[in-house]
Amino acid sequence: IDLRFDVANDEVFSLDGRCLSRGDLQWSVSLVPLVKHSIPVEAREIATSDYDLRQLFGRHAEADIQWAYEGWYDSWEQRVSELVDNHLRRGTDFEVFYHSILAVDRDGAIHIRQVDGSLPQLAQELAAEGMVSAGLLDSGGSSALYDPWLQGYLNHGWYFREPRGAVICLQLRALERIPKDLAGSWFKPRRDTTGSTDI
């Protein structure tokens, strides 16, 4: 569901004006949208919602990305839309990065994915898998997922930063263990105060 936050009154509203914080809202999270109402989000909307345009266009597009940033706030959507249109016109693939994704399926089950892919491609795949809502948490070290079974943070090794700031905690009811070794994933073991490593 699309939300807006009333910071002054500490309340959450749906875009049609319903106050969700007084109802049955259990949790909400701010994400770059990938799937809405079971439909994959188009590249233009993904890009305008994602401040880090390198995640779509790559690090080699720095000049174009800086041009878009110069339009923040007034012409952000227009400039980013132009970048996407030019990218599609050239027939260039969107950049592949390692992404952290939170998704909800038709039964309300929460899915956490950390996977390589381009954002438009991942949006298509998640919708095809039956996700009704999905979004990008972030890439690299800006967000990490802690796995109590592995006693470590699942993340991409070359861009890991120590956990800090906001944390999302989800209590999962799954009985099966998460596999310890997934291709393309990495976890940082937890260290105790003596410097030894718990694995």
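A residue counts as buried under 20% relative accessible area, as exposed over 50%, and as partly exposed in between. I start there because Y51, at 47% relative accessibility, falls in the middle class and counts as partly exposed. One caution before the rest: this is a predicted model.

Let me stay with the aromatic residues. The model has seven aromatic pairs. In one of them, the ring centres of Y51 and W72 are 5.0 Å apart and the planes stand at 85°, so this pair is edge-to-face; the cut-off for that class is over 60 degrees. Where do Y51 and W72 sit in the chain? Y51 is in the loop between α1, residues 43–49, and α2, residues 54–57. W72 is in the loop between α3, residues 62–69, and α4, residues 76–90. The two are 21 residues apart, and the pair links distant parts of the chain. W72 is also partly exposed, because its relative accessibility is 39%.

Y51 has another partner. With W76 it forms a stacked pair, 5.8 Å centre to centre, with 20° between the planes. W76 belongs to helix α4 while Y51 is in the α1–α2 loop, so this pair ties together parts 25 residues apart in sequence. Is W76 buried or exposed? W76 is buried, because its relative accessible area is 4%, and the limit is under 20%. Taken together, ring pairs join Y51, Y69, W72, Y73 and W76 into a cluster.

Next, the strands. β5 covers residues 97–105 and β6 covers residues 110–117; they pair in the antiparallel sense, over eight bridges. As one example, Y98 has D116 in β6 as its bridge partner. The two strands make a hairpin, with four residues between them. In that turn, G108 has a positive phi of about 85°. As a general point, side chains in a regular strand alternate between the two faces of the sheet.

Last, a residue in helix α1, namely I46. I46 has a relative accessible area of 0%, so I46 is buried. Which residues does I46 touch, leaving aside those up to four places away in sequence? They are V32, P33, L34, V41, L56, L119, P120 and A123. I46 can also be set against G135: the two are 89 residues apart in sequence, and their C-alpha atoms are 9.4 Å apart in space.

To recap: Y51 pairs edge-to-face with W72 and stacks with W76, β5 and β6 form a hairpin, and I46 in helix α1 is buried.

Technical notes
Residues numbered from 1 in each chain as written. Predicted model: local features only at pLDDT ≥ 70, side-chain atom pairs only at ≥ 80, totals over all residues. Heavy atoms only, no water. Phe/Tyr/Trp six-rings, centres within 6.5 Å; stacked < 30°, edge-to-face > 60°. Buried < 20%, exposed > 50% of the residue type's maximum accessible area, 1.4 Å probe, protein only. Pairing = 2+ DSSP bridges. Contact = heavy atoms within 4.5 Å.
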